[in-house]
Amino acid sequence: MISSKVIVVFSGAGASAESGIQTFRDSDGLWEEHRLEDVATPEAWAADPDLVTRFYNERRKRIIEAKPNKGHLQLAELEKMASVKVITQNIDDLHERAGSSDVLHLHGNIRYSKSSGPNQEREYYKIDGWELKESDRCSEGYRLRPHVVWFGEAVPAYEEALSILGLADILIVLGTSLQVYPAAGLIHYAMKATHKYIVDPKAETLDVPADFIRVKGGASEGIQNILPELKKVLSL
Ligand code: APR
């Protein structure tokens with residue numbers, strides 16, 4: 001029987017680490033190799049859109065080649081037990097490819113592009129394959145940019161994420177250093193009664209409220225370890 005309880009997963013780059021996608025802030029992270037100011041800001045786009053396009057084309061190529069890992073698959077499996085809503089900071093589509101049916105992308109989805117003109121959130125365009133081309137244009141004639149939220153930009157899905165957080169009977173925070181706001185602030189909006197877990201190799205040091213249960217470990221191992229407890233909570 002499927003429980004009427006709601007599980008909310010709030011994931012970050014660590015959820016995709018076991019799929020071979022680099023995180024951002026670990027010692028081998030993406031921001032060790034690139035200056036984020038050069039590739040992930042509106043200023044970077046204004047200065048050199050070709051460079052930014054190439055940077056995300058490269059990311060997209062790797063994401064298309066990657067496969068969902070056991071952690072993603074276990075989260076998708078949870079849908080057999082309860083309603084599962086994933087809020088991800090990740091721009092990859094590995095949760096969806098693992099079978100999760102309800103995924104909100106807080107920071108966009110790299111498989112899509114959007115206008116670089118004034119009406120950016122009006123329409124998202126699926127990119128065919130890995131390459132967004134310099135000549136690709138939106139219906140209003142503006143150059144297409146990756147559908148990614150850059151540093152310094154608003155997070156259009158934030159309000160929706162807040163209301164999802166408020167529904168959680170169980171919250172699983174997975175693989176995020178909780179350093180980027182406003183996303184990181186979301187975890188404070190779960191109800192007092194919500195059963196809260198943080199799964200991360202650095203779980204012991206991450207800045208979460210006292211009612212979080214810290215589960216030290218990678219995504220697949222960590223989710224596996226909390227499964228018995230989740231089942232217990234769902235049966236209450
Ligand atoms: N399983 C689970 N977590 C892991 C694993 C793993 N195998 N390997 C590393 N981690 C954890 C790290 O310990 C760290 O806490 O994943 C987290 C990754 O943190 P960040 O690299 O800071 O990524 P994230 O929190 O998702 O970044 C937030 O920053 O650059 C922006 O927009 C980008 O959405 C991103 C945002």
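**View 1. Lys196 and its salt bridge to Asp211.** Lys196 is buried, with a relative accessible area of 4%; buried means under 20%, exposed over 50%, and partly exposed in between, computed with a 1.4 Å probe on protein chains only. The side chain of Lys196 meets that of Asp211 in a salt bridge, 2.6 Å from N to O. A salt bridge is a side-chain nitrogen of Lys or Arg within 4 Å of a carboxyl oxygen of Asp or Glu. Because Lys196 lies in strand 8 (residues 195-200) and Asp211 in the loop between strand 8 and strand 9 (212-216), the pair ties together parts 15 residues apart in sequence. Asp211 is partly exposed, at 40% relative accessible area. Helices (H or I, at least four residues) and strands (E, at least two) are DSSP runs, numbered from the N terminus.

The model is predicted: local features need pLDDT of at least 70, side-chain atom pairs count only at pLDDT 80 or more, and totals for chains, interfaces and linings use all residues. Residues are numbered from 1 along each chain as its sequence is written, and side-chain values use heavy atoms, leaving out hydrogens and water.

**View 2. The salt bridge of Asp50 and Arg143.** The N to O distance between these side chains is 2.9 Å. Asp50 belongs to helix 4 (residues 49-65) and Arg143 to the loop between strand 5 (124-126) and strand 6 (144-148), 93 residues apart. Asp50 is partly exposed at 26% relative accessible area, whereas Arg143 is buried at 16%.

**View 3. A network of salt bridges.** Asp93, Arg97 and Arg111 are linked in this network. In the pair of Arg97 and Asp93, the closest N and O atoms are 3.0 Å apart. Asp93 is buried, with a relative accessible area of 10%, and Arg97 is partly exposed at 34%.

**View 4. Helix 5 and its surroundings.** The buried residues of helix 5 (residues 70-77) are Gly71, His72, Gln74, Leu75 and Ala76. They pack against strand 1 (6-11), strand 2 (83-88), helix 6 (94-98), strand 7 (170-174) and helix 8 (219-234), where contact means heavy atoms within 4.5 Å. Asn69 caps the N-terminal end of helix 5, with a side-chain oxygen 2.7 Å from the backbone nitrogen of Gly71.

**View 5. Where domain 1 meets domain 2.** Domain 1 (1-21 + 68-107 + 154-236) and domain 2 (23-65 + 113-148) make up the division of the protein, with bounds from an automatic or database domain assignment. Between the domains, 14 residues of domain 1 are in contact with 11 of domain 2. One salt bridge is counted between them.

Terms used
A polar contact is a pair of N or O atoms within 3.5 Å; within protein, one must be able to donate a hydrogen and the other to accept it, and residues adjacent in sequence count only if both atoms are side-chain atoms.
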